[in-house]
Amino acid sequence: MPTCQNCGKKWSWFDSIKKLLTFRKSMKCNHCGKIQYQSVSSRNTISLIVLLPIITIPFTVMFDLSLFSVLLLEIALILVALFVMPLFLKLTNNEEPLW
Ligand SMILES: [Zn+2]
């Protein structure tokens, strides 16, 4: 779970997912109210996780799965992605340049 770099308190899974899903660069800590930013490495990891359900679509075509199985698989992958996203969230006090 992410830890606030200002007050050192951990963010809960629910808080983290809520902040991640707003896709804003800055996230306010619920404990101290200080603005935190997502670190670049964490941003890269999370984009990969988000891409996972999309990347698997060609494979489902290759295996000739039925539309229902594909949908089920995609929903499962999206749920897994949502579940693990906060685990890879790392916070910094200053905004890091993307590149
Ligand atoms: Zn804090």
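**Figure 1. Pairing of strands β2 and β3 in the predicted model.** In this predicted model, strand β2, which covers residues 35–38, runs antiparallel to β3 and is joined to β3 by 2 bridges. Within this view, Tyr 37 stands opposite Thr 92, a residue of β3.

**Figure 2. The open sheet of 3 strands.** The strands of this open sheet follow the order β1-β2-β3, and their pairing is antiparallel. The edge strands are β1, made of residues 26–28, and β3, made of residues 91–92; each of these edge strands pairs on one side only.

**Figure 3. The loop between helices α3 and α4, with Asp 64.** Helix α3 comprises residues 57–62 and helix α4 comprises residues 67–84; Asp 64 is found in the loop between them. The backbone of Asp 64 has a positive phi of about 55 degrees, although this residue is not a glycine. Is Asp 64 buried or exposed? Asp 64 counts as exposed because it has 7 C-beta neighbours inside 10 Å, and a residue is called exposed when 12 or fewer other C-beta atoms lie within that distance.

Figure 4. How many residues apart along the chain are Phe 83 and Phe 14? They are 69 residues apart along the chain, and their C-alpha atoms are separated by 9.7 Å.

**Figure 5. The whole chain, as a setting for the close-up views.** The protein contains 4 helices and 3 strands, and along the sequence these elements follow the pattern α-β-β-α-α-α-β. Taken along the principal axes, the box filled by the C-alpha atoms is roughly 50 × 30 × 15 Å. The radius of gyration of the protein is 16 Å, whereas a compact globule of 99 residues would have a value near 13 Å. Of the 99 residues, 13% count as buried. Among contacts between residues at least 6 apart in sequence, 74% join residues at least 24 apart.

Methods
Residues are numbered from 1 along each chain as its sequence is written. This is a predicted model: local features need pLDDT of at least 70, side-chain atom pairs count only at pLDDT 80 or more; totals for chains, interfaces and linings use all residues. Two strands pair if DSSP finds at least two bridges between them. The radius of gyration is taken over C-alpha atoms; the globule rule is 2.2 Å times the number of residues to the power 0.38. A residue is buried if 20 or more other C-beta atoms lie within 10 Å of its own, exposed if 12 or fewer, and partly exposed in between; C-beta atoms are placed from the backbone. Two residues are in contact if their C-beta atoms, placed from the backbone, lie within 7 Å.
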